[in-house]
Amino acid sequence: MLRTEEILSTIDMLHAEHLDVRSVTLALNLDDCAAPSIDHVCRKVRQKILARASRLVEICDRVGAKYGIPVINKRLAISPAATLLAGHGRGAAVRLAQSLDTAAGECGVDFVGGFTALVHKGTGAGDDVVIRALPEVLSQTSRVCASVNVASRKAGINMDAVHLMGHTLLDIAAATADRQGFGCAKLCIFANIPEDNPFMAGAYMGAGEPEATVNIGVSGPGVVGSALRRRLATDAKLTLGDLAEEIKITSFRVTRVGELIGREVAAELGLAFGIVDLSLAPTPTVGDSVGEILKLLGIGQVGAPGSTAAVAMLNDAVKKGGLFASSSVGGLSGAFIPVSEDATLAEAVAGGHLVLEKLEAMTSVCSVGLDMIALPGDTPPETLAALIADEMAIGVINDKTMAVRLIPVPGAKAGDVVDFGGLFGKAPVMAVRNAGASKAFVHFGGRIPAPLQSLGN
Amino acid sequence: MPQSQHAYVLDVMAEDHPGIVASVSQAVESLGGNIDSCSQTVLGGYFTLIMIVSLPEHIPPNELAERVRTAEGANRPYQVLVHPWKPHAGSAVPEPTDRFVITAFGQDQPGIVRRFSQYLASKDINIVDLYGHREAEEFVLIGQVEVPKRWDIRMMQADLEDLGRDLGFTVKLQHENVFVATNQLRFARSA
């Protein structure tokens, strides 16, 4: 029999603090949809997606209702589109993206990730098609999300790909200039991309995964914030160790909710359960903010000295709580600091407290990278590439995932405010110091060799 | 199940104080009896205990009750009821059910428990544990219930939310596994 206190504390977490499952992501291998004709490829892709995913939304809603926990987003992640597009051209890539977009819409899912190229050591024919099609794909579809892995601990950093991505970002921004460069918000540039990440825009199904599986993304900055607030209100003599423990316990409970729902959804779909990814993914809603957690940890202004240490502690406590809660933890599992999606972070940028360089330091200890950063539209492509390279270097040397989403907003200057709407939020355009000064470095091209740590075998 | 054929249901109520269980169990032991199962609760300063006890030979229920009332250490009055224990006469094949938790929060007023419990009874839902508490003006009601699998949970949730709206209450009906998963170390397999 459950104890009353257990029921009451869970009720607090679920209802007063608005815990939800952020995403149920059905990952699907589409390699068997390859065919010489792109029409045939698209037909097979649509059939396979509808066969596997047409019940996803209904099942998520039913299971969510049973436990009283809403599943906010239902999504698809496919095996890399580059595999299907080898031997085809850019036009075929756009056709495939449109088919994915339509099939996802027919299933009622809001995003389909996996328009992906893995180029950390070199670029294959299909990868090149994917990258060069990105401006059209991301401007002509609404649900398709893309990712490009340009670095890994084992391979180092493919600087030719990094350079190309600098130009590609500007091309995507130009293609979506009427939406303030929003296309770039649907593209993640990675180091050490995880094969089972359920969060967009970087979700895809990697090699070694089953034919189809269900991965769960749970979030809950609001829940962690409330737990800290309650603890701080009732206990006068707390150390950072006590606060880390509180975050860990809360993370444990949140992860459990995700696994419960994920296992049941997977069972109803007749699929294997994949992983649960507890990542504190903020939304623009007040209270659902990682920045607010940092403030509760005593950082008066996000970006002040101590911010990096606070993020490190938060990220570590989240991972530990998640790890103990489930034997199937994966994805990114940590804290996200996407500027436009977090009202407190955006406010810190607007107030001049949080600058790009400090954010970069904070990304060295969080679970992603420079994420949802609006930049001036005239930022040179080499400078965008160099920003990406810096982040990739942090990921490669520290053996961590880096996921970069930079949005050079056409026509915007530092300090302008851009609003991407909905969950993507709004933020000031951040100043880039020393723009243009990295040109020669980027133009060397080639590959930054894999670090010493890659020889760990 | 009781150990012997001479089994009794023993119900004790008293003002709460240390030593009640000690004196009741002393009385059972003095008759050569054994406690097969027991459960107690304390509410508002009052103690209540229910026990199934097995005795070596038949004894009139009133006599057992009197033994407990006058047990050593029973220095305050106990209200004691005793019935011969009989196996539960349920249907041969019980209807399959799932365990849910109903929670209701709102401004206290007469009739809350009645309205919710009448609804549950009308759906053949058995309440296996009930907790209600008033704090200032707010009343919290938590019921652990067995819901027949034939019902559509979303319809019942809609009914209960509607009932709650009439009373100004927030009502939730959730499968118990979400509470198990978030509070206990071992993972609850989904039902």
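**Cavity and helix packing**

A: Helix H3(B) gives the largest share of the lining of the largest cavity, 4 residues. This is a predicted model, where local features need pLDDT of at least 70 and side-chain atom pairs count only at pLDDT 80 or more, while totals for chains, interfaces and linings use all residues. Residues are numbered from 1 along each chain as its sequence is written, chains are lettered from A in the order in which they are written, and side-chain values use heavy atoms, with hydrogens and water left out.

Q: What is the volume of the largest cavity?

A: About 80 Å³. A cavity is a set of points on a 1 Å grid over the protein atoms alone where a 1.4 Å probe fits but cannot get out, and lining residues have an atom within 4 Å of a point.

Q: Which classes make up the lining?

A: There are 9 nonpolar, 3 polar and no charged residues. Among them are Val113(B), Phe116(B), Ser117(B) and Leu120(B).

Q: Switching topic: at what angle do H3 and H4 of chain B pack?

A: About 160°, with the axes 11 Å apart; H3 covers residues 112–122 and H4 covers 153–167. That makes H3(B) roughly antiparallel to H4(B) (angles over 145 degrees count as such).

Q: And which residues of H3(B) meet H4(B)?

A: Ile112(B), Arg115(B), Phe116(B) and Tyr119(B) do, and their partners include Met156(B), Asp159(B) and Leu160(B); contact means heavy atoms within 4.5 Å.

Definitions and conventions:
Axes fitted to C-alpha atoms, helices over the stretch in contact; angles between N-to-C directions. Helix = DSSP H or I, 4+ residues; strand = E, 2+ residues; numbered from the N terminus. Parallel < 35°, antiparallel > 145°, perpendicular 65-115°, else oblique. 1 Å grid on protein atoms, 1.4 Å probe; cavity = no way out; pocket = protein on both sides within 12 Å on 5 of 7 lines; lining within 4 Å. Points joined across faces, edges and corners; volume = space filled by probe spheres on them. Nonpolar A, V, L, I, M, F, W, Y, C, P; charged D, E, K, R; others polar.
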